[in-house]
Amino acid sequence: MNIILVNYYTPIPEDFDPEPLIPLKDISGRCFELANESFLMNKTAANALVSMIKAAKQTGYEKFKINSAYRSKDEQDRIYHAAREGYSNKAGYSEHETGLAVDLDYSGAVPDETNMLPLDWIAEHCDEFGFILRYPEDKESYTGVRYEPWHFRYVGKRVAKYIKSHRLCLEEYFEEKYGIPAKKKKLVHFDDKREKDIWDFFMEKLDNPYGTAGLMGNLYAESGLQSNVLEYYYQPILGFSSPEYTEAVDNGTYENFAKDVAGYGLAQWTMGVRKKGLLDYAKSTGRSIGDLTMQLEYLWMELNNDYPKVLEILKTATDLRSASDPVLTEFERPLDSSEATKRKRVEFGKLIYFKQIDKEQFINDLNTLSLWREDISFLLMDHDTGNILYERNADKPRSIGSITKMMTAYVLMKYIFSNNKHLKESVTIDEETALISGSPQYSGGEYMKKGDSCPAEVLLSLSLVSSSCAATVALVKHFFKSQESFVEIMNEEAKNMNLTCDFKDVIGINPGTSASARDLAIICSNIIRDYPQILYYTSMKQVSFQGRDYQNTSALLRNNTVKGLDGFKTGTTPLAGNCYVSTAKRKNHRMISVVLNAQESDERYNETECLLEYGLARSDEEI
């Protein structure tokens, strides 16, 4: 099939025909629910969708629901005018009008044993069925639409695999393949001031950033922090857009506000008694039903008068989850209060929290997470500018364990690309490598046999993802023959970068290897800058080798804890403690964090999350 580009700037070609469209309710092998039984989709895309969802179900994910598929021009026009800026394209410019796009729902979904949700699995494997995640989180300026983890577009397997492996969005693919400029659109951050005003209001009342963020994450999920929004489902039923509804309630021409059960406002009030209370309070203060300050005051009155237990939790909560869940289950009480919904609302709260907290709170969080120990190294660096946003003991040389493999990978990539070598080359396992693979003192446990052969890129994946020492040694010996000469080159590269590193081996087993947090951040930044394709490997959640899957050693990456996290390397030894160099990119901005000598494994992950989230939320500020 010939794929087409449809986006904010590019309309559907006049001669494009979405046919053959088929009803999803009648498709052979249907394995999903439909929000609307009249949904249609292009036949080829629909069959691929069925195959994809069947594969997900075979993996253990049971519940899938289609929220949207093909849309007529009139339907898209109605959705566009009801949506917020950056959340929908106008009629004639929407992928849904092609019949090739689908929105998946996962309400009520339960994470698996690796904390992965169904949409996580789909996003990771959709290319195998010809789909792409159309609106990734770090491509918003190209797509013109904010991150949508539920929106998938059929482009065919060949194109889908190319886009995924090269970490592109569809706009970048068309620019690369056809020379069509990928225009950038600056999305309107319409809610920045509103978000700050709401934060300040509740912080003054609660004096607790966890409670404030937990409450606001739920409000964001309900209304996008908008005070004059009418629930989209009821707009065609009532015949009002959000502004029209607000005006009609204010001027008295619509008198059924308290009885229509349509969600409205910041908290999407639906219950008659609560909506009547909101309306009465608005009238008593002489303000519009959609006035933000009025709604904040009313919400605060509700918490005090009707939800004292929830209010007490918000005042005393010591983490976001404990603050967010009661707001969902006791105050908002939506039909869906599943684990997946709880997690999503905590994610919204987390984004608000790290954007709004001050430096003092950030440092206090880090101190708490590190158990107030002084002998620990932190560093947070802006990869794009090189600015150090936060540091502690950043120049202290430390043992680093398997993080050594990060410099090993840099030297390997440099050699391969400088000498016309290729990662597709077949590597033969020698006797020494086979012995290493079977030794319990080395990580990985791949148990390679002498004479086995394997593509270099699989070994590189094993080295960086599961921290395989055998795979690392096999690569070094294949391309360099001598580990000793390779270590010399590693130290030469360190000197060229003006670092204080001292490498003793290629895998990190020698306790004499040392580096500082600043050294490691610079190495990480250099390898991403010089060989960005390395992120394709470090972002893998697992590597398949000889019929077995080897998990990424980073729990943060496996569990999608930090959105945009795509590498880099863990390290753990008795001398080094628990270490982690990581990088994440959101909104076209990349951060690098380093944690050395953490006491526990969870400690390094919690500290890394704090560093990355704070940096990503404030990437334009000097901390």
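Let's start with Thr608, which sits in helix α25, residues 601-617. Helices here are DSSP runs of H or I with at least four residues, strands are runs of E with at least two, and both are numbered from the N terminus. Thr608 has a relative accessible area of 0%, so it counts as buried; buried means under 20%, exposed over 50%, and partly exposed in between, with a 1.4 Å probe and protein chains only. Leaving aside residues up to four places away in sequence, Thr608 touches Leu556, Tyr580, Ser582, Ser593 and Val595, where contact means heavy atoms within 4.5 Å.

A quick word on the model: it is predicted, local features need pLDDT of at least 70, side-chain atom pairs count only at pLDDT 80 or more, and totals for chains, interfaces and linings use all residues. Residues are numbered from 1 along each chain as its sequence is written, and side-chain values use heavy atoms, without hydrogens and water.

Now look at Ala213, in helix α8, residues 209-223. Is Ala213 buried or exposed? Buried, because its relative accessible area is 0%. Its contacts, again not counting residues up to four places away in sequence, are Trp199, Leu320, Gly349 and Tyr353. From Ala213 to Asp120 it is 93 residues in sequence and 25 Å in space, C-alpha to C-alpha.

Next, a pair of helices. The axes of α20 (469-480) and α21 (483-496) come within 9 Å and cross at roughly 95°, so α20 is roughly perpendicular to α21. Axes are lines fitted to C-alpha atoms, for helices over the stretch in contact, and angles run from 0 to 180 degrees between N-to-C directions. Under 35 degrees is roughly parallel, over 145 roughly antiparallel, 65 to 115 roughly perpendicular, and the rest oblique. Which residues make the contact? On α20 they are Val473, Val476, Lys477 and Phe480, and on α21 Gln483, Ser485, Phe486 and Ile489. By class, that is five nonpolar, two polar and one charged. Nonpolar covers Ala, Val, Leu, Ile, Met, Phe, Trp, Tyr, Cys and Pro; charged covers Asp, Glu, Lys and Arg; the others, Gly among them, are polar.

Finally, the sheet. Five strands form an open, mixed sheet in the order β2-β4-β5-β7-β6; strands pair if DSSP finds at least two bridges between them. The edges are β2 (33-34) and β6 (131-135), each pairing on one side only. β2 runs parallel to β4 (65-68), over two bridges, and Leu34 has Ile66 of β4 as its bridge partner. Helix α3 (118-125) lies across β5 (101-105) and β7 (148-154), at about 40° to β7.
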